[in-house]
Amino acid sequence: MQTHQSSAHALSHSDHGTPLRATVIWAVLIAATIVTWSVGESGTTGPAIVGLLFSIAFGKGALIILDYMALRRAPLMWPLLALGWMTLVCALIGIAYWKGLAA
Amino acid sequence: MKYSSQSVALPYFIAAIGLFVGQIIFGLAMGLQYVVGDFLFPEIPFNVARMVHTNLLIVWLLFGFMGATYFLIPEEAETELYSPKLALLMFWIFLIAGAATILGYLLVPYSTLAEMTGNNILATMGREFLEQPLLTKIGIVIVALAFLFNITMTMLKGRKTVISIVLLMGLWGLAIFFLFSFYNPGNLVKDKFYWWWVVHLWVEGVWELIMAAILAFVLIKVTGVDREVIEKWLYVIITLALVTGLIGTGHHYFWIGTPSYWQWLGSIFSALEPIPFFAMTVFAFNMVNRRRREHPNKAAVLWALGTGVMAFLGAGVWGFLHTLAPVNYYTHGSQITAAHGHMAFYGAYVLVVLTIISYAMPLLRGRAANSERSQVCEMWAFWLMTISMVFITLFLTAAGILQVWLQRVSDTPMPFMAVQDQIALFYWMRLWAGVVFAAGLVTYLASFFVKGDSKPLIHA
Amino acid sequence: MNTCVQTLVSPPPSLRAVPSDGPARRLPGDLAIWFFILAELLAFGAFFIAYAFARANNVELFNEQQLALDRNAGAINTILLLTSSYFVVRAVQAAEASQGRRAAMWIAGGIACGAGFIVVKLFEYAAKFEAGVSLSSSTFHMFYLVLTFFHFMHVILGLVILAALWNNARRGRYGPGSMNGIETGAAYWHMVDLVWLILFPLVYVMR
């Protein structure tokens, strides 16, 4: 594992993007956090709001996974596993929320 | 063998195998008592046979761990053992104390044994797996302290590797947690706490460290993979094992008078306990796939891979089956527990001890590996024992599911003994699988005596 | 088993396809840490789902007690973790550009934000304990404490790892040819951030 990656690494251009890209992503993440916080402060609720909250969480998670963790350029299995985890967790939270509404 | 003092491992391994044979004989007797209730009655009633079966298991595994340590530590520390004489002395003390204890179980009633050995001074007897008389318990502590002293001193004067540090952590943990067995509070909930802090923290905590260290040592030797790579896996495995295992103790706290949050903590963390075992499986296969040499001891590689797979199945999958609180509500103490116990102990601890024996025994007998014929015999033993253990587990699982259904889930639950009659067929099948296991064990013993051209020992 | 493990360890050629525009696909950092990260994600995932379904059976209690949580502290901590992650990305980029010492400064920034998270969390816990919140006071409180504390321990471990990275970076041990250590540590720190991104809306906001 190590041997092939260090040699491949010397040849490749960056796996970790550019500073500008990282900074733009940071700004998006912070803005998304402020949206989530203001939803909480406003006290609004309901399936649409919860859908919005977890869509935001999913988007933020995807940015972290693909860019900050640099899985965008990893063998496909790895980003798929991480994004699959996000999808599954968010979906099950959604189902549980739905169940709570019906009860 | 690189250091002459490693040879003290030999008597430990021989004793381990001898006690293993005893364990299986009592296992077969109990298997028969399940269906022929008065077999050997009144000489060896079921409760005594069961106690001997489980105690022999623990004692021979401890012999195996100690032998493994005496073999492994000098080689890792690159120095002779601090005191081979002390190691041999402790061997005889432990063997005689162990034999006397087993004879005590068999020859006198348990209550008489308790009176004879000072249980009225400090009551420690009567708890499952910790039935040993006070004197034996004290003996175990003395042997363990002398053993740890010997090993720690050896390590202090030599090279300190991650493998030997993890092994030592496991062994110190084993000794320290055993001290909980001396406290037997009257309050039943507290009593369960202290009992599980020995039993659970052993098998789902520190024993996993010992197992991972032994497995890592053998894998380095047979695959030639860089130590650095193996050490990284070891860090991952022990962290996962400790976090899930320590908090996972909560799966023993359901509905016994503990706060209800244990149902959540115990369920979630113990549900994650398969992960370190899965890591060990991936680790073993990964290392063997990346091997840099073809070690002549093929049998040892087979045992090592078998440990990875069977530990994950037995401890991981079969543990998970009944660890969630809502499931355990129905399955607690049924034959499903017995199924899990059999495959977990075999897959994790029996196999890891047989792995190190398979690797070390030829070296201790002055050759790199046994002859082709002897190895083939040993591999037959592996498959016979492993496959029959899979069947024992499956039959007990089937028995357990039926038992839970008839006795606990059904709208018209049947009494315990009536249910036992209903599932007798599975007990018979389990007994026959046990006979095959015994045949595998005989094959294993035979493999030590098969002659043939063995590989000479070459120091690389 | 054998083939399945091989797949896990070195994906089959189909999954390793070389993107037409660039070099071969590569997993940053050590395989062992990624295995560990997956195990961690599984653990947090199990907790999140358990929380969600426990809430579904007790919506009023969860909604009422959630209102008493300090959402400002939660949001500030989200921002601290995200910023910390950003600094660590900049550190990795600096190391990749042969600027090892600058990488150390970025990591120090990451550590400062992580330490800020710890401080905010400790104030939050102090207020909660004052108010009589405990593991046994309610199912919601149990989940709130266990989930956030489990995460809290991960932040502490992550900070220890970052401190080791900082020390190595300061000594110039990271560069284009030796990225394994810093990538491994960074991946773990981002995981700590990632799980908080679900924890915050789930425990502090969703009702």
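A nonpolar core is a set of buried Ala, Val, Leu, Ile, Met, Phe, Trp, Tyr and Cys residues joined through C-beta atoms within 7 Å. Here, "buried" means that 20 or more other C-beta atoms lie within 10 Å of a residue's own; a residue with 12 or fewer is exposed, anything in between is partly exposed, and the C-beta atoms are placed from the backbone. The largest nonpolar core in this structure has 245 residues. Those with the most contacts inside this core are B:Ala212, B:Ile214, B:Leu215, B:Ile237, C:Ala91 and C:Ile107. Helix 7 of chain B, residues 188-223, gives the most to this core, with 20 residues. Helices (H or I, at least four residues) and strands (E, at least two) are DSSP runs, numbered from the N terminus.

Before going on, a word about what you are looking at. This is a predicted model, in which local features need pLDDT of at least 70, side-chain atom pairs count only at pLDDT 80 or more, and totals for chains, interfaces and linings use all residues. Residues are numbered from 1 along each chain as its sequence is written, while chains are lettered from A and ligands numbered from 1 in the order in which they are written.

Let us start with chain A. Its secondary structure comes to four helices and zero strands, so to speak a run of α-α-α-α from the N terminus on. Of its 103 residues, 35% are buried. Two residues are in contact if their C-beta atoms, placed from the backbone, lie within 7 Å. Among the contacts in chain A with a separation of 6 or more, 58% are between residues 24 or more positions apart.

Chain C is built from helices too: it has seven of them and zero strands, in the pattern α-α-α-α-α-α-α along the sequence. Buried residues make up 49% of its 207 residues. For contacts in chain C between residues at least 6 apart in sequence, 79% join residues at least 24 apart.

What does the UniProt record say about chain C? An unreviewed entry lists residues 31-207 under "domain: Heme-copper oxidase subunit III family profile". UniProt positions are given in the numbering used here, feature names are shortened, and annotations may be inferred rather than shown by experiment. In the model, residues 31-207 of chain C are 85% helix and 0% strand, with end C-alpha atoms 38 Å apart. The unreviewed entry also lists residues 31-54, 74-92, 104-123, 143-166 and 187-206 of chain C as "transmembrane region". One of these spans, residues 104-123, is 100% helix and 0% strand, and its end C-alpha atoms lie 29 Å apart. Another, residues 187-206, is 95% helix and 0% strand, with 28 Å between its end C-alpha atoms.

Two residues of chain C are worth a visit. Leaving aside neighbours within four places in sequence, C:Ala91 is in contact with C:Ala103, C:Trp106, C:Ile107, C:Gly110, C:Ala169 and C:Ile182. Then find C:Phe123 in helix 5 of chain C, residues 100-130. Is C:Phe123 buried or exposed? C:Phe123 is exposed, because it has 11 other C-beta atoms within 10 Å. The C-alpha atoms of C:Phe123 and C:Ala73 are separated by 8.9 Å, although the two residues are 50 residues apart along the chain.

Now turn to chain B and its helix 7 again. Helix 7 and helix 10 of chain B pack at an angle of about 10°, with their axes 10 Å apart. Axes are lines fitted to C-alpha atoms, for helices over the stretch in contact, and angles run from 0 to 180 degrees between N-to-C directions. Helix 7 of chain B brings B:Glu208, B:Ala212, B:Leu215, B:Leu219 and B:Thr223 to the contact, and helix 10 of chain B brings B:Pro276, B:Met280, B:Ala284, B:Met287 and B:Val288.

Finally, how do the chains meet? Chain A and chain B do not touch, and their nearest C-alpha atoms are 9 Å apart. Between chains B and C, 18 residues of chain B are in contact with 20 residues of chain C. Helix 10 of chain B gives the most to the side of chain B that touches chain C, with six residues.
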